[in-house]
Amino acid sequence: QAKTLGRGRHHFFDVGLRERMQRRLRMEQDLRDAVHDGQLWPAYQPVVDLRTGEMVAVEALLRWTHPRHGAISPAEFIPLAEESDLINVIGKEMLRATTRELAARRARQGLDLTLKVNLSTRQLDDPHLVPAVQDALASTGLPAGALCLEVTESALMRDEEAAAEVLASLRSLGVLLAIDDFGTGYSSLAQLRRLTLDTLKIDRSFITGIAESRDAEAIVTSIIAMAHAVDLTVIAEGVESAEQLELLRALGCDQAQGYHLGRPVPAAELFGQ
Ligand code: C2E
Ligand code: MG
Ligand code: MG
Ligand code: MG
């Protein structure tokens, strides 16, 4: 009896696993096609200076419009791309496309904006990353100082030594560096200082409760103080209300980003045709 049940369970488990693997393989193949068919495109979200209220930067966020399934979230397909070499291909194309866009906007419209591009863990391991960044800048003419690369706190802390080395090479190109989703990992002040970053982005999870919870406010206050102590510009991400925005301004946060200020949209929608 027990044996039958056991075998039955085993069988059931296998089917679920096989289905999940097939789904993943299918999605990975779809993602490969997406790269070639131009289904991937960058959305841009404004980053606003809290003193002047002006847009000072834009973050490029990858979008996938699947021919049958519609919009697929990067939270779903980036991890998939990271399991293969696809992330490096996609990441390089993202760099090329967004630096080209921003360089053109600077030339045509005189827009003096910093471009923020996300890098994944796998990209930090790619020996072609630094030359690819250099190439994107050289071929588009975007000044290095107008590009800020964002790396998540968890990616940086995974292999601190190796990450520090890549960041130093990137920095020598003249690009700016940001630590993304700060507060979700366990980095110390000493580590932050060693990495010589320019910007710290406070994770959305701390901003969400800031207007209602004393604890959230205290945490954000201390992150801002800590970041300023090591000369980092602080950006709050996920600002969804005017109250949150006012509070962040009062706390001395430098810049903010979030649906309240502007959603990620196609370039033409943000900058005009
Ligand atoms: P992230 O870099 O922390 O980007 C911020 C995310 O928060 C974006 O999600 C953005 O759309 C979302 N967001 C912005 N403001 C608000 C708000 O007020 N409320 C809420 N609820 N969400 C807000 P998205 O576009 O889904 O991207 C998710 C993550 O995927 C990004 O987090 C980033 O880690 C990764 N990602 C996106 N594009 C790329 C890329 O080109 N390369 C790599 N390696 N990763 C990327
Ligand atoms: Mg980011
Ligand atoms: Mg973030
Ligand atoms: Mg995030």
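**Ground rules.** I'm working on a predicted model, where local features need pLDDT of at least 70, side-chain atom pairs count only at pLDDT 80 or more, and totals for chains, interfaces and linings use all residues. Residues are numbered from 1 along each chain as its sequence is written, chains are lettered from A and ligands numbered from 1 in the order in which they are written, and side-chain values use heavy atoms, with hydrogens and water left out. My helices (H or I, at least four residues) and strands (E, at least two) are DSSP runs, numbered from the N terminus.

**Entry on β8.** I started with strand β8, residues 233–237. Four of its five residues are buried, so I noted the strand as mostly covered; buried is under 20% relative accessible area, exposed over 50%, partly exposed in between (1.4 Å probe, protein chains only). Then I checked the pairing, for which DSSP must find at least two bridges between two strands. Strand β7 (residues 199–202) runs parallel to β8, joined by four bridges. Strand β9 (residues 255–257) also pairs with β8 in the parallel sense, over three bridges. In that pairing I found Glu237 opposite Gln257 in β9.

**Entry on Val230.** Next I went to the loop between α10 (214–229) and β8, where Val230 lies. Is Val230 buried or exposed? Val230 has 18% relative accessibility, so I put it down as buried. Leaving aside neighbours within four places in sequence, I see Val230 in contact (heavy atoms within 4.5 Å) with Leu189 and Arg193. I also took the C-alpha separation of Val230 and Ala190: 9.4 Å, with the two residues 40 apart along the chain.

**Entry on β4.** Strand β4 covers residues 114–119, and five of its six residues are buried, so I have it as largely enclosed by the rest of the structure. Which strands does β4 pair with? Strand β2 (residues 55–66) pairs with β4 in the parallel sense over four bridges, and Ala57 has Thr114 as its bridge partner in β4. Five bridges join β4 to strand β5 (residues 147–152), again running parallel. There I noted Lys116 opposite Cys148 in β5.

**Entry on α3 and α5.** On to helix packing. Helix α3 (residues 86–109) and helix α5 (residues 129–140) pack at about 25°, axes 9 Å apart. My axes are lines fitted to C-alpha atoms, for helices over the stretch in contact, and angles run from 0 to 180 degrees between N-to-C directions. The pair is therefore roughly parallel; the label covers angles under 35 degrees, with over 145 roughly antiparallel, 65 to 115 roughly perpendicular and the rest oblique. From α3, Lys92, Leu95, Arg96, Thr99, Arg100 and Ala103 meet Ala132, Val133, Ala136 and Thr140 of α5. I sorted the residues of this contact into five nonpolar, two polar and three charged. Nonpolar here is Ala, Val, Leu, Ile, Met, Phe, Trp, Tyr, Cys and Pro, charged is Asp, Glu, Lys and Arg, and the others, Gly among them, are polar.

**Entry on α5 and α7.** α5 also packs with helix α7 (residues 160–173), at about 20° with the axes 10 Å apart. I therefore call α5 and α7 roughly parallel to each other. Leu129, Val130, Val133 and Gln134 in α5 meet Val166, Ser169, Leu170 and Leu173 in α7.
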